[in-house]
Amino acid sequence: MVNIKTEENPSGLKDLDEQPIHILSQIQPHGVLLVLEEPSLRILQVSSNVESILGISTEIILHKYLEDLLDPFQMERIEIGLKQDSLDFINPTKIWIRIKGDDYVIFDGIFHRNSSGYLILELEPTTSQESIPFLSFYHLAKISINQLESSSSLIDFCQIIVQEVRKITGFDRVMLYKFDLDGHGEVIAEEKREEMEPYLGLHYPASDIPKPARKMFSSNWIRLIPDAATELVQLFPEINPISHQPTDLTYSILRSASPCHLQYLHNMGVGSSLTISLIKEGKLWGLIACHHLTPKYVSYELRKACEFLGRVIFSELSEREDTEDYDYRIQLNQIQSALIDAMSQAENFIDGLTQHQPNLLDLTSAQGAAIYFGGKFTLVGETPPETDLILLVQWLQKQNQKEVFYTNSLPKLYSDAQGFKAIGSGLLAISISHKNYVIWFRPEVIQTVKWGGNPHQAFETSQAEGQVLLSPRKSFEQWKETLRLQSLPWKQVEIQAALELRKTLINIVLKQADELAQLAHDLELSNSDLKKFAYVASHDLQEPLNQVVNYVQLLEMRYHQALDDDAKQFINYAVEGVSLMQTLIDDILAYSKVDMQRIEFQFTEVQTALDRALINLRKRIAENQATITYDPMPNVLGDGTQLMQLFQNLIANAIKFRSAKSPEIHIGVKRIEEAWLFSVEDNGIGIDLQFAERIFIIFQRLHTRDEYPGTGMGLAICKKIIECHRGKIWVESKLGQGSTFYFTIPVGGREGERRNGRKI
């Protein structure tokens, strides 16, 4: 049992994941452990059973060197072996130690160096002076591998493994235990005595093998506990006298198991165990667990034979597992190639992913997918509503930014997903950038899982002397659980296919960004040339127009008496035409200058811009007896002169297109999310909404100049000012009932421009 402080950790489960089991200062009693200092090989620590096995007291042996225990011939052989790059060349070494007179005890000596650089020698009494004959083991391994090669499925393959290991070791039960992605394990193959309760198909919670134990299994490929009920032996002294730290026994074969694990074996009715680690790509894939009802010792040679056989067999198993995914991987590669071809031929990559067969769904066997790009969603198959997707993307952005995020139980991580669990209990997402994603969804699949005991009661607790005593459960009977809020898991080949697509999309997006940047540069040069042309042309046109007006007026003055009424009227037409052309030129100049002002936007008082516009229009307001009202105006990030021009044009239009009533104009404003919404409302003649877009186009008019004077440039200038501020402008109106012009200005101004360090 494990003692857990109540106030720090009531459940105790976290403590299991933090126990430093590699520095437990106890060993199993069937062997002797010596901690040696190199190069002298002085004995620093020894297991306290040394007197019962070697007949030497712990106090005496701690003053000795290894050469005091062994004859010169053995020492020479050991010293040569210790100088090799790997200690595997001398493990195991047959060691003879004199007990009394001519009595010797023969041990299997196994050396290793721990993380602190101390040499550790473990002595296990040998059961035979002879090693397992090589040819015998070769034939055993060959027969096993031949059987494996003839098996047709992965499950059959695993079953042959446990059969062969049980045949070699003679254990009562041998299981092949595979870990799931979430850490829990499942017994996928079993060979046992007939009368024993079957564990095949049962799942076991991750807490049955805590993280420290998994780390140890990854470091030691084979682990023997010959007697789970034996009394453990203490190291003496308990602390290393040189480092003043507990000795790291990570690679020790005699190292004791944790008390909690020994209790676990006892509760299962296991008298001894042998565990063979199955490592794939550096990670613990699973275990071959051998259990015996009574104590059982397995010699070092046989253990190493099992380890070797386990490695050989598992390499075949790993290859077989990869082969089963191979056909699916080839299929996904073909789908990926088809998607790349479709994207290269489509107008944009989104169409290439969604408008053809195969499409985005086929790449991961999903039922729904969403592409979030440029602030817009493109949906395929069954997906949550866009309102839920917006919140989901915001949640994804707050997670640790990785290339890929996947889960087969989204509602357990993101509670809002319970609202669309039938569609999206499983999620796989790749990030194209911080704000853009491709997301796949899988529906909920309700499953029944058979557990070896209640996984929610994997440990029991009891109070004693103000502490919580934690011990493993006693029942391992089959316990069924219905799992909800989960989808089918994402296969590694599907995750890899999504990552490959991500690389392709990033390359496409970067290429498009380069093309857009070049296009923007070309447009900027073109616009600059056009603006210069407009300015020069307009300026140069003013002089000949003035000359025409001057000479026409001079002609009228000198020959006034000689001209008849028609001639005088013709002269007036000419003067009015020139005046109109000058007005047009002035408006063109005003329009071209809107975004030529290379000034940086600043926080501006809108009220000041509005006051300036009203001052400029005071004569027109008075002549038309117009009533102007307005809400309190905010401060915005923008250009005061342009805002003044905006209000002046909109208010002037409201006065110009008045009805028979005196003009009543109200300027309103309110906050909407991340923008200010302004409105200019009048009681004028109104606008037919079929022309709502046309009125903002340059030189477009809905009335003749005889009805309403002007050039048709005012609203085009307004639209350009608002676009320059990254806002929108539109009109709502009914004929004969007035109009309301709306426009927005972002609260943060031109955020994109400011982030990029560009001037307005």
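This briefing describes the helices, strands and selected residues of one protein chain. The model is predicted. The chain contains 20 helices and 30 strands. Of its 760 residues, 47% are buried. Among contacts between residues at least 6 apart in sequence, 66% join residues at least 24 apart.

**Strand S7 and its partners**

- Strand S7 covers residues 119-125, and six of its seven residues are buried, so the strand is largely enclosed by the rest of the structure.
- Strand S3 (residues 32-37) pairs with S7 in the antiparallel sense, and five bridges join the two.
- Within this pairing, Leu-34 stands opposite Leu-121 of S7.
- Strand S6 (residues 104-113) also pairs with S7 in the antiparallel sense, over seven bridges.
- Arg-113 has Leu-119 in S7 as its bridge partner.
- S6 and S7 form a hairpin in which five residues lie between the strands. In the turn, Gly-117 has a positive phi of about 90°.

- Ser-273 belongs to strand S13, which spans residues 272-280.
- Ser-273 has a relative accessible area of 5%; buried means under 20%, and Ser-273 is therefore counted as buried.
- Leaving aside neighbours within four places in sequence, the residues in contact with Ser-273 are Phe-171, Arg-223, Leu-224, Ile-225, Leu-265, Cys-290 and His-291.

- Strands of a sheet pair through backbone hydrogen bonds, either parallel or antiparallel.
- Five strands form an open sheet with antiparallel pairing, in the order S16-S15-S19-S18-S17.
- Strand S16 (376-381) and strand S17 (404-407) stand at the edges; each has a single partner strand, so one side of each is left without a neighbour in the sheet.
- From one strand to the next, the twist averages 10°.
- Strand S18 (residues 426-431) and strand S19 (residues 437-442) run antiparallel and are joined by six bridges.
- In this pair, Ala-429 stands opposite Ile-439 of S19.
- Helix H11 (residues 386-398) packs on the sheet and touches strand S15 (368-373), S16, S17, S18 and S19. The direction of H11 makes about 115° with that of S19.

**The mixed sheet**

- Another open sheet is formed by five strands in the order S25-S27-S28-S30-S29, and its pairing is mixed.
- Its edge strands are strand S25 (627-630) and strand S29 (729-733), each of which pairs on one side only.
- Neighbouring strands of this sheet are turned by 20° against each other on average, direction ignored.
- S29 and strand S30 (residues 739-746) run antiparallel, with five bridges joining them.
- Val-731 stands opposite Phe-741 of S30.

**Helix H18 with helix H16**

- Helix H16 (residues 606-616) and helix H18 (residues 640-656) have axes that come within 8 Å and cross at roughly 50°.
- H16 contributes Val-606, Ala-609, Leu-610, Arg-612, Ala-613, Leu-614 and Asn-616 to the contact. H18 contributes Gly-640, Thr-641, Leu-643, Met-644, Phe-647, Gln-648 and Ile-651.
- By class, the residues of the contact of H16 with H18 are nine nonpolar, four polar and one charged.
- Thr-608 also lies in helix H16. Thr-608 has a relative accessibility of 37% and counts as partly exposed.
- Thr-608 and Asn-635 are 27 residues apart along the chain, and their C-alpha atoms are separated by 9.7 Å.

**Helix H18 with helix H19**

- H18 also packs with helix H19 (residues 714-724), at an angle of about 145° and with the axes 9 Å apart.
- The crossing of H18 and H19 is left-handed.
- On the H18 side, the contact is made by Gln-642, Gln-645, Leu-646, Asn-649, Leu-650 and Asn-653. On the H19 side, it is made by Gly-714, Leu-715, Ile-717, Cys-718, Ile-721, Ile-722 and Cys-724.
- The contact of H18 with H19 has eight nonpolar, five polar and no charged residues.

Technical notes. Residues numbered from 1 in each chain as written. Predicted model: local features only at pLDDT ≥ 70, side-chain atom pairs only at ≥ 80, totals over all residues. Heavy atoms only, no water. Helix = DSSP H or I, 4+ residues; strand = E, 2+ residues; numbered from the N terminus. Buried < 20%, exposed > 50% of the residue type's maximum accessible area, 1.4 Å probe, protein only. Contact = heavy atoms within 4.5 Å. Pairing = 2+ DSSP bridges. Axes fitted to C-alpha atoms, helices over the stretch in contact; angles between N-to-C directions. Nonpolar A, V, L, I, M, F, W, Y, C, P; charged D, E, K, R; others polar. Left-handed = near helix turned anticlockwise from the far one by under 90°.
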